[in-house]
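Welcome! Let us take a friendly look at aromatic rings and their surroundings.

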Amino acid sequence: MPPPGADEGALKRALEPVRADSGVQAEPERLGAAALDEGVALCLSGGGYRAMLFHVGSLWRLNEAGYLSRLDRVSSVSGGSFTAAVLAMNWPRLEFDDSGVARAFEEAVLQPIRKVAGRTIDRGTILRGALLPGSIGDRYVGALDRHLFGKATLQDLPDRPRFVINATNLQSAVLWRFEKPYMRDHRVGEVVAPTVPLARAVAASSAFPPFLSPVTLKLEESAYTAGTGDDLQRPPFTTRVVLSDGGVYDNLGLETAWKRHRTILISDGGGHVAASATPNRDWLRQPLRALGVIDSQVRALRKRQAVESFRLGLREGSYWGIRTDIADYGLADALPCPHTQTLALAQLPTRLAKTPAAIQERLINWGYAVTDAALRRHVDPEVARPQGFPYPDAAVG
């Protein structure tokens, strides 16, 4: 039954099948609340190192509350895929105790992420790719191989939770998902048990155009399961897959979780395009401004979809974002996070550039604090209040 005051017309429309010509893949078995899995899905947005660090703060708080071990799916794009992939690769090392809390979280997840946040990856990758033989995309893959993922492949991911690393297929103009059981694009088809390096999957997911994009997959046509693509299962769509940042298509990493799970937790470390009285009009910076406006609008639409669904009772869970005012949760005992200070963190650049230790700690603290507020207000009011920030001296500003 819908909650009191719910718009029954909105509920009905939300549960209607997707039109075949809408450009969205219809999955009839997953439409309708009754068909949703009861498990918990976590979505990690893009936003460069800023989002990567914000999300690790969210994971820290979820772990303390016993929710990390309860996750059934982690869906990520761009900077969120850094955090998700480090978590996935090191999942066997987490050492969950009887209460479902990972004792080795800091060693297995926090430390590798903070280490890479102390390095600049984007500038050198772009310069070497532009000036030396080889593509920028391949050099980006090499950088992630050296600094984070080594020789790990998608087959090194755990069976549960299911990790979904999302990229955008520039050929088919839809989502390309990397998972352990398969990688697929509903138009191009499905490859079972892919052995793609984890570094390449994350690079594709975070290859923001025009500087780090694209990342290419070279595949044999025989690698695909016959008949799994809707209309593009043929070369060159199957044999040379051209991928860009997952946030181009879905900047919250929401789609692959939304179609399946009833409870959705959304961590949004992405940005917001500020007003500008004099936007740049040159050929390079004007398109970047336009990309930012598009990203902001798509993010806002997906956020509204999620929040309204929570309000109407179509889904359970919560949204929290790097631009959220923690006072909006109405918790008298929320951790102290002045909105002026957290907005300053939200305005940090989204590059993959060396981040000072103090800024790293503030971003982690802010992700931790706002996740705590969202969790206790909208998901589980029985969760105990934390004693304080992970890095008390840094606070959020």
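Is tyrosine 391 buried or exposed? Tyrosine 391 is buried, at a relative accessible area of 16%; buried means under 20% relative accessible area, exposed over 50% and partly exposed in between, using a 1.4 Å probe and protein chains only.

This is a predicted model, in which local features need pLDDT of at least 70 and side-chain atom pairs count only at pLDDT 80 or more, while totals for chains, interfaces and linings use all residues. Residues are numbered from 1 along each chain as its sequence is written, and side-chain values use heavy atoms, leaving out hydrogens and water.

The structure holds eight aromatic pairs (Phe, Tyr or Trp rings, the six-membered one for Trp, with centres within 6.5 Å; planes under 30 degrees apart are stacked, over 60 edge-to-face, the rest tilted). Two of them are set out here.

| Pair | Type | Centre to centre | Between planes |
|---|---|---|---|
| Tryptophan 60 and tyrosine 391 | edge-to-face | 5.8 Å | 90° |
| Tryptophan 91 and phenylalanine 163 | edge-to-face | 6.2 Å | 70° |

Tryptophan 60 lies in helix 2 (residues 48–64) and tyrosine 391 in the segment after helix 11 (357–379), so their pair ties together parts 331 residues apart in sequence. Helices are DSSP runs (H or I, at least four residues), as are strands (E, at least two), numbered from the N terminus. Tryptophan 60 is buried, at 9%. Trp60 and Tyr391 also belong to one aromatic cluster with Phe105 and Tyr368.

Tryptophan 91, in the loop between helix 3 (79–89) and helix 4 (105–117), is 72 residues from phenylalanine 163 in strand 3 (residues 162–169). Tryptophan 91 counts as buried at 12% relative accessibility, and phenylalanine 163 does at 2%.
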